[in-house]
Each structure stands twice: as C-alpha cells, then as structure tokens.
Amino acid sequence: MHKYRSAMDKLTPSPELESRLLARMREETGAAPFVPYPKRRLRPLLAAAACLVLAVSLAVPFLREGENPQNLLTGNPVLETQEISALEEALAFSLLVPTLLPEGYEVEGARVIAGSIAEITFTDGAGTICYRQAQGREDISGDYTAYEEVKTLARAGMEIILKETGGRVFLATWTAGGESFSLSFSQGVEEEMALLVTESLKAP
C-alpha cells in the first residue's frame with residue numbers, strides 16, 4: 001500500500017486532463033467557473049492607476065492657498081492677452097482700469113479667468129499689483145491670507161475693505177454698480193495710496 005501511494009503521489013495529470021476533471025467537478029457541484037485574471041492584462045491597469053495618482057499628487061501643490069480647485073478639475077479656460085483692448089472685447093461688461101499707480105508700475109499682462117473675471121497685472125520689476133473686476137458681489141481676489149488688520153472705510157460713495165500687515169495694505173476689495181473689484185499689492189502700499197488707486201478707475 002505504501003508503494004502504491006508513493007507511486008500515485010508522483011503522478012501529474014496533463015493540462016488537458018486537469019481541465020476536463022475540473023469541468024466535470026463543476027458540472028456535478030454546480031459551482032460557477034473560476035476564471036483567473038491574466039497578470040499580463042492586470043499590469044497595464046495597475047500602471048494606469050499609478051499614473052493617475054501621480055498626476056493628482058503633482059497638481060495639488062500648485063493650487064494657491066484658498067484657490068477653488070474646481071477650476072483645475074473642470075478645465076476653465078484662461079484667455080491671456082497683452083492688450084487691454086483685447087481684454088475689453090472678451091468681456092460681457094464694461095471694463096474699468098486703474099489710471100493712478102505707484103511710480104514705475106506698468107502693465108505686465110491681462111487675462112480673462114473662467115470667462116467672467118478680468119485680471120490685469122502691473123509691475124515695476126520688483127513688485128506686482130493684481131487688479132480684478134467681475135460682475136456680482138463676491139470676493140474675487142483669490143487671496144485668503146489672514147492679515148493682521150482688516151478695515152472698512154467709506155470713500156467716494158463706496159465701502160472699501162483694506163487688509164493690512166505691518167501698517168501696509170496688501171489687499172483692497174469693494175463693490176460698486178453690481179460689480180466686484182480687488183487690488184492685490186505684493187509688496188504692500190501705504191493706506192492712502194491704496195485708496196487713491198481704487199478711486200482712479202476709468203474706462204480705458
């Protein structure tokens with residue numbers, strides 16, 4: 001008996017015979033057939049999933065603090081232009097631009113964000129002023145920094161919100177005529193200068 005069992009242990013059925021035996025067992029037991037997923041097909045799916053995770057992880061750090069990630073996910077367009085006249089033509093409202101700026105500042109670029117926000121940037125080679133305008137009464141500045149002091153001042157019939165740190169204004173926001181406006185100063189300016197810039201808006 002021992003020799004018989006030893007001989008049986010060494011028997012290896014052919015792939016064809018093994019397949020037939022398994023099929024017969026499934027017919028008798030009624031079990032659903034098990035179809036293993038080929039490894040060569042699984043690998044491309046794993047690779048694609050890894051690429052997706054990597055792409056998302058690389059994109060997230062480029063979102064500005066407080067910036068709505070919906071723009072990234074929905075692919076809202078940004079129309080870039082160097083000409084204020086081209087910016088006007090792309091808007092559904094009348095554009096106003098600052099006509100008084102700190103000394104040395106000139107137009108650096110202009111763009112339409114998500115088809116609804118006009119943005120013009122000015123620079124003196126060191127600092128940057130970012131001006132935005134859009135329809136509605138929402139805060140369109142995109143700046144959610146916690147500044148040391150927030151003031152609301154009445155000026156030229158408007159309520160202007162100034163956000164300051166170290167006695168310098170870094171952000172001014174206000175609404176007028178059903179539209180929202182913002183001015184961001186990368187290096188900060190004196191309070192009076194910030195107010196003068198807000199009051200200088202005119203049609204180009």
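Q: Is W174 buried or exposed?
A: W174 is buried, with a relative accessible area of 4%, where buried stands for under 20%, exposed for over 50% and partly exposed for what lies in between, with a 1.4 Å probe and protein chains only. This is a predicted model, in which local features need pLDDT of at least 70 and side-chain atom pairs count only at pLDDT 80 or more, while totals for chains, interfaces and linings use all residues. Residues are numbered from 1 along each chain as its sequence is written, and side-chain values use heavy atoms, with hydrogens and water left out.

Q: And F181, buried or exposed?
A: F181 is buried, and its relative accessible area is 4%.

Q: How many aromatic pairs does the structure hold?
A: There are two aromatic pairs. One of them joins Y147 and F170, which are stacked at 6.0 Å centre to centre with 15° between the planes; rings of Phe, Tyr and Trp (its six-membered ring) pair if their centres lie within 6.5 Å, and planes under 30 degrees apart count as stacked, over 60 as edge-to-face and the rest as tilted.

Q: What does that pair tie together?
A: Y147 lies in the loop between β5 and β6, whereas F170 is in strand β8, so the pair ties together parts that are 23 residues apart in sequence. Strands here are DSSP runs of E, at least two residues long, numbered from the N terminus.

Q: How about Y147, buried or exposed?
A: Y147 is buried, at a relative accessible area of 19%. As for W174 and F181, their ring centres are 5.4 Å apart and their planes at 10°, so this pair is stacked as well.

Q: New topic: in what order do the strands of the sheet run?
A: Eight strands make up an open sheet with antiparallel pairing, and the order is β1-β3-β4-β5-β9-β8-β7-β6; two strands pair if DSSP finds at least two bridges between them. At the edges are β1 (78–81) and β6, each of which pairs on one side only.

Q: How many bridges join β8 and β9?
A: Strands β8 (residues 168–176) and β9 (residues 179–189) are antiparallel and share seven bridges. The β8 and β9 hairpin has two residues between the strands, and G177 takes a positive phi near 60°.

Q: Which residue is the bridge partner of I161 in β8?
A: That partner is T173. Strand β7 (residues 158–165) and β8 pair in the antiparallel sense over five bridges, and they form a hairpin with two residues between them, where G166 in the turn has a positive phi of about 65°.

Conventions. Helices (H or I, at least four residues) and strands (E, at least two) are DSSP runs, numbered from the N terminus.
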